[in-house]
Protein chains: 2
Amino acid sequence: MSKWIYFFEEGRSKDKHLLGGKGANLAEMSHLGLPVPAGFTITTQSCIHYLEEPDFFTSHLQEEILKAVSELELKTGRSFMNKEGLPLLVSVRSGAEVSMPGMMDTILNLGLNDERVKDLAELTNRHFAYDCYRRLLQMFADVVYGLAKERFDEQLDQAQKENGKPVQDFSQLEQEALVESYKKVYQSCRKSFPQDPADQLFAAVKAVFASWNNPRAKIYRQLNAISDKLGTAVNVQMMVFGNSDEESGTGVVFTRNPAKGQKELFGEFLLNAQGEDVVAGIRTPEPIQALAQHLPKAYQDFKDYAQILERHYRDMQDIEFTIERGQLFILQTREGKRTAQAALQIALDLVEEGLISQEEALLRINPKLVDQLIHPVFEPESLESAQPIAQGLPASPGAAWGKLVFTAQDAKRYHEEGQKVILVRQETSPEDIEGMIVSQAIVTSHGGMTSHAAVVARGMGTCCVAGCSDLSIKEEEKIVHYGKKSLKEGDIISVDGSSGKIYLGALPTSLIEKNENLEQVLLWADQHAQLEVRANAETIPDLRTAIKFSAKGIGLARTEHMFFGKARILEMRRLILADQEADRKEALVKLLTFQAEDFYQMFKEVGDRPLVIRLLDPPLHEFLPKEDVEIEEVAQELGKSPSLIRERIKQLVETNPMLGHRGCRLGISQPAIYQMQVEAVISSAIRLQQKGLAIKPEIMIPLIAEKKELDYLRALLEDHISHIFKKYSAQAFPYEIGTMIELPRACLIADQLAQAADFFSFGTNDLTQMTYGFSRDDIGKFINHYKNKEIISFDPFQTLDKEGVGELMRLAVEKARRIKPQLAIGVCGEVGGDPASISFLEEIGVDYVSCSPYRIPAARLAVAQASLLKKLEQERHQA
Amino acid sequence: MSKWIYFFEEGRSKDKHLLGGKGANLAEMSHLGLPVPAGFTITTQSCIHYLEEPDFFTSHLQEEILKAVSELELKTGRSFMNKEGLPLLVSVRSGAEVSMPGMMDTILNLGLNDERVKDLAELTNRHFAYDCYRRLLQMFADVVYGLAKERFDEQLDQAQKENGKPVQDFSQLEQEALVESYKKVYQSCRKSFPQDPADQLFAAVKAVFASWNNPRAKIYRQLNAISDKLGTAVNVQMMVFGNSDEESGTGVVFTRNPAKGQKELFGEFLLNAQGEDVVAGIRTPEPIQALAQHLPKAYQDFKDYAQILERHYRDMQDIEFTIERGQLFILQTREGKRTAQAALQIALDLVEEGLISQEEALLRINPKLVDQLIHPVFEPESLESAQPIAQGLPASPGAAWGKLVFTAQDAKRYHEEGQKVILVRQETSPEDIEGMIVSQAIVTSHGGMTSHAAVVARGMGTCCVAGCSDLSIKEEEKIVHYGKKSLKEGDIISVDGSSGKIYLGALPTSLIEKNENLEQVLLWADQHAQLEVRANAETIPDLRTAIKFSAKGIGLARTEHMFFGKARILEMRRLILADQEADRKEALVKLLTFQAEDFYQMFKEVGDRPLVIRLLDPPLHEFLPKEDVEIEEVAQELGKSPSLIRERIKQLVETNPMLGHRGCRLGISQPAIYQMQVEAVISSAIRLQQKGLAIKPEIMIPLIAEKKELDYLRALLEDHISHIFKKYSAQAFPYEIGTMIELPRACLIADQLAQAADFFSFGTNDLTQMTYGFSRDDIGKFINHYKNKEIISFDPFQTLDKEGVGELMRLAVEKARRIKPQLAIGVCGEVGGDPASISFLEEIGVDYVSCSPYRIPAARLAVAQASLLKKLEQERHQA
């Protein structure tokens, strides 16, 4: 015969499948000998049986429950079924293997009835006792009969009105009358509240079972791929009351300081109080250390148990306890939430104390926390009273305040006057770059996590909130509306790039400049890492940041960003608008001079680390002016007619630029641009070679869909490079030509591409756009509907979509390695810096990830975690 | 010891790998006993050996060649090496296994020298002999020494100028002097022309071998994935001369009439002439039947040989022959090119004659030809003298002439006056639809094979040339420029939608109204077909066409096209622009009425055939007005301010609409639209059910990327449908909800989607766009560069890209069938009607293809061919 019910002391934490998460946790604490209020768990299997065959309840379960209750009465010395003795009240809680919203969760105080409530009133106090009873009546009606809770609240309101006083002050008779009015709600629906505690319990257990199949729970399981066959367990546990007398109390304590990480108990308690009183804030709790004076025995017990729990779980714990008439009960323990700083301190301390290994410490630190340690944050106190005025996407972490400006020009002007500025725009474009550099933070109303503003800000480590559609920004009028209010140029705001929130006024920030704990952890991390971490960077400051954060090289240097300086964009425009060969040549020569100097400086900065240079990617129309004023200006500078420029702009317009004439398609239709870029790369490497620094340039071709594109460009560039060596009378040196893998088709023909490429680099941003058919620029139009309806649970531009995009990448790696087992394969999209994606990237066999410089510390940790997890997985297989 | 040389009579057509294509064909004819001029083939293996080890030529091949030449002298009774006897001249031709441009191809008249030319002059005539010799000198210089041909042409021009007469009239001395001047060109490069025929031959063979590795040939092989290890064979064949005397001659003959298909010899000949004379058109050739009078023996021989060849190859042949002094030689035979009409007639006749089976007949007819039989064509004679003024993409087959108009309104106006019109626009939009319907043909300067104009025109069977960038169309000025000329409204042009060419004036057209041969062939085809052919259609005329062409159902009815009528688009705009719930509801109610009537008529038309209705797909901004005038108009009609409409248009603008807020994304963000559409579908089915016609509606959801999208919409629609059944007090009946598979991600998660879908339909148009990262609207900006540089060899929007898009589809079918083996899977993109793609679609296990109505006949044939090829393949495996 199967066993349908387990007392807490019979289980362990590994029995989640049978006892549910909550039951297994209570069992584990009981097993450790902790004073957990006694109770038992009705198994998930019982639930499944009952749902398949309702007769099972009366034929099997009912008797077992009664037996368990009798045993509980014996254990506790209290009485649930009979009127004699101390009353035993119980809580009934659902608890599935996987935590799951949408199910019925809790009925408290089960066992109370018209008589028992009086016993409880004597034990505690009248208000509390009747409050418990009313809550039972209300919860029971909701859970068992589906009666709306509001109907009972109405009764309470009415009684308070009629009696002319708050419920705390009701007399015994008034309390009883209120209970009667609650029962009338039952009667109006032809139901009644069972006075027999056993009937209460049976009905509650059945209701919890049934809630497994309520529509919300079913949808949740469907959306989260949880089997309908798991069922939920039901926990029946004795209630304890911290408000019994002055030797009772309740509290919440962390075993270490969750803000800084020191090894000390940290928390609060209230005497003669229930858990809710601590939360309600009517009385001021005392620090836990004060308990030593009031109840020395309970305090000592708690300290001992806290240590047991910390040693058992080998981590800082967040513990809830209740003291009933001097006796301590532990109600719950869980891993304590902590700040980034505390997380590092605790992990390092636990290693030193010998509780955990270096590897475990590394696995425990959430890489996202690392971001907080390298960017400023608002001081927690200042946030407590601040109300955000708008909420956007947390596009680049950090916190800052400054004066609001609407244009890059204004940003520069204020900055020159020594003022801090926040640049607020509908969206930014490459021409705003100088204004962005001098801003404390950047806010946009349009664009997503991978918009221009977001990408550039992360690159610079500048705080950014993107896609903040709460703001209606009128750049020309220099005004921004939010709700019914507005802000103008010069107003001060504070921006939290980690939460996406925007505040009025200046909130103070703090940053730990040198974090030795972090450096220690990252050094450990590097020892365990398999994947290399490189940076996406091209400006000298970015390259320096990357190297400071120990990037192993540069995985992506985007050459187009270099064409946006004032002198350069003019030459780029001259090139695009040229109608004579001479003009075209002149522009190319000037651009060559600029680019050669760029690459020379970059190579010098990066030294012998790898540096992958991507040839021009965006469509040419991105370089042309947009506004009338600008068109006139360019026309004058280039000696062309504005109408000719407008005509050319019109010719270049594309319906879907993302799918248009860009990347290698430009290289093929206008080979001179790629030839110029390659000459700049090779000639600057020659210059450095002559100074004794051997460079092996890596040239990367974007947007390849077809092997012949790569064949054609490779032949073109190789031919051109051999001319360059001759032209500069230089000894030829090795170089590599690789390709971005950023179109679904490139993944599917990766075996062919591997024949023609020296290396691969996945461009996960574009690959995600094409695989989903999502445009990053337009996704804002519907993505909120998707989030609200839980149609997507993560942003695939931030965290790799393993099922779709990831599957294509896996295919590509397999196909490519079949042809060239040693082919170097990197990832240079946004997900390259996302810890949640890195395990998968390691699993499919990528060699390195490349991310913006300020994401490198988190990526170094994530990469180590991925390796450690893989090692653990292998050990598990071998065992 | 290996055999390096084969005489023609030693080989067969199967020996292509060793003898090359040309050699094997000559061998086959010799084997049949046909009088092929004697000769031998030096094998491809000899070429490979020589290229690897040049000494091989002197050590092995040279001696073998000399032996073969001796044998050839014996066989022909002529002399190559010695001066005595009739001179034996030979041609030397390359011939690889696979036909391959870029290689050296031919040297004629080898064996001539300063002496031999005189013998030949006696045998034929002086001009011809010296002409042959000069050509030998020129070709030899080109092939063996790489000397430019033009340098010899200069000598000829100069000699004619100096002698003051054409070369035909040169005296013996003048001819000899000219030969000497040719030799001087050799000398100027320190080369000489070998007088010894054997030296000529050795040099020529080596040059042909070497040409295997010339850069153009290597690139061609690389682009076409042909192995470098195949090598080329060399054919050495006796020259024969049809201009030897009045009993000599030459001709080209088809064994059946290539225009109509009747069984009769069809061709021409010239007495005392060389092949070039026939082509040159100086003399008028006589019909082949006239040869019976001139040379009865040769005529009878030719008739016999023609019959042998036709029976041997079991197809109509195109035969070249030469008669030298009364003796007939067959120089070449190949399958004769024929018109569509002839192809059908010949195939049916050959079946009747017992020469081929029904299956073979079906396999022989190119499905593309079928298109010609259901659309008008220009009469071939009229095309001979016509010069096209522009060339675009052949977007929809057919031929038509009419008066040029620039707007849909003008098209309607001219049409109402009883005039034929050709609508010429930069590109068409859904609002042009009424003008398109009344036009004889449609021409656009922008857009590709799958642009709006192209798709709609194919749907209507109207001739269309798209993307004709030779035309610069100014719609507002009503003028179109081409080159330096222009056309205005009312000018007459002719448009060939099968070739993409546009002509001035009216060219006569013809169409066979009822083609019994075609009907016969398609009936046979249906008996062999595995895949079903359905139609993409939604208008009543299109549905009727589809049914007339025996479509098995409607695979795609696009509901958005129904919103473009004048009354409907107003309601659609009211819906989109509504700022009050009442407006929105009013619009939805009206749209519901329209759609319900649409579906009622459609179901009635289609009867019990399947009809798949796709819910709204395009982004909402497509329904809003664009021009100022129109905005004002709409504002007035809807009682809104124009600025509000402009504001809304601005809000809806997308950077990449193809990747934007459309398809199921609209269904999720604005469920009311899909609910309205589903109500229209179900309520009209209820109406028909009440009249005794049982309908099983199939509802298709577009642009699914994620299972939860489908889950959400399916639940929403199922719920709504059960309300509809109640609302209309109708008995519920079965319906299906399926999904388009048109995003790469949908293919990758097809197993998940199969759980939630009743059927799949691949949308290959969008799938191709996303897989390549190509926008159909923008591809014109670079596609010509790709074609010119041979980077793409086919249009993936017309012919399925098997390696990329097809691979995703194969994956999707496998994954889906693993979950639901019986899941119905169709293809409803453009490639669904493309014969070249259908075999692949059958191979991966698709159930049906769906194409525009006028492509159905070709698709029915293609589908049968795919099944037959599969059967043949299976038989080959079993054998």
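What you're looking at is a predicted model: local features need pLDDT of at least 70, side-chain atom pairs count only at pLDDT 80 or more, and totals for chains, interfaces and linings use all residues. Residues are numbered from 1 along each chain as its sequence is written, chains are lettered from A and ligands numbered from 1 in written order, and side-chain values use heavy atoms, leaving out hydrogens and water.

Back to that annotation: residues 300-348 of chain A are 47% helix and 35% strand, and the end C-alpha atoms of the span sit 27 Å apart. Helices (H or I, at least four residues) and strands (E, at least two) are DSSP runs, numbered from the N terminus.

Chain A splits into domain 1 (5-241), domain 2 (375-511) and domain 3 (564-696), with bounds from an automatic or database domain assignment. Taken over C-alpha atoms, the centres of domain 1 and domain 2 of chain A are 50 Å apart.

Now for a helix pair. The axes of H22 (residues 566-577) and H24 (residues 628-638) of chain A come within 11 Å and cross at roughly 80°. Axes are lines fitted to C-alpha atoms, for helices over the stretch in contact, with angles from 0 to 180 degrees between N-to-C directions. That makes H22(A) roughly perpendicular to H24(A) (65 to 115 degrees).

Over in chain B, an open sheet of five strands runs E1-E2-E5-E3-E4 with antiparallel pairing. Strands E1 (5-7) and E4 (106-110) of chain B are at the edges with a single partner strand each, so one side of each has no neighbour in the sheet.

| Strands | Sense | Bridges | A bridge pair |
|---|---|---|---|
| E30(A) and E31(A) | parallel | two | Val827(A) and Val849(A) |
| E2(B) and E5(B) | antiparallel | four | Ile42(B) and Val234(B) |

How values were computed: Parallel < 35°, antiparallel > 145°, perpendicular 65-115°, else oblique. Pairing = 2+ DSSP bridges.
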